[in-house]
Amino acid sequence: MTDRHEPTDSFQSARKATMATVARATVGELAALDAMAGDRAEVLRAPEIGLVMVRGRVGGDGAPFNLGEATVTRAAVALPDGVIGFGHVLGRDKDKARLAALADALWQAPATRDAVEALLTPVRERIAAETTLKRERAAATRVDFFTMVRGDN
């Protein structure tokens, strides 16, 4: 029997948050995963490109409708202890899909989870800095109409 973490709600939430970070990471930022895994990872599903239907809702809460199709790439890998990782990325980047699957598998394995988290810390910091910069740029264009003076027409 392998020493795997039980899939509790908190485990799944943390895994989801980790994979959201992986999705926004670059291939260069994830490249160290190959060295971390060595040749231990077995490819279950080689990266393959396909289409998914994107659904939308008018106003965010209206009736759903088919917005269009988006290209995605998926992959799956397995570690020797039986942990399986899945990676899905928007676009046609096969290497990123493979690295995402590897990140998922290594994160699920208790022995390598801390190493994956350490690898993703700079990615989270970059994402936070980009978000802050975006907010600051948007705030600079904000107009407060309540401070404007009306004329005496």
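1. Which residue in β2 does Ile49 stand opposite? Ile49 faces Thr73. The model is predicted: local features need pLDDT of at least 70, side-chain atom pairs count only at pLDDT 80 or more, and totals for chains, interfaces and linings use all residues. Residues are numbered from 1 along each chain as its sequence is written, and side-chain values use heavy atoms, leaving out hydrogens and water.

2. The sheet is open, with 3 strands in the order β1-β2-β3 and antiparallel pairing. Strands (E, at least two residues) and helices (H or I, at least four) are DSSP runs, numbered from the N terminus. Pairing requires at least two DSSP bridges between two strands. β1 (42-57) and β3 (84-90) are the edges; each has a single partner strand, so one side of each lacks a neighbour in the sheet. From one strand to the next, the twist averages 25 degrees.

3. β1 pairs with β2 (residues 64-78) over 13 bridges, in the antiparallel sense. Helix α4 packs on the sheet and touches β1, β2 and β3. Its direction makes about 145 degrees with that of β3. Angles run from 0 to 180 degrees between N-to-C directions; axes are lines fitted to C-alpha atoms, for helices over the stretch in contact.

4. The axes of α4 (residues 94-108) and α5 (residues 113-140) come within 7 Å and cross at roughly 130 degrees. That makes α4 oblique to α5 (under 35 degrees is roughly parallel, over 145 roughly antiparallel, 65 to 115 roughly perpendicular, the rest oblique).

5. Ala103, Leu106, Trp107 and Gln108 in α4 meet Arg113, Val116 and Glu117 in α5 (contact: heavy atoms within 4.5 Å).
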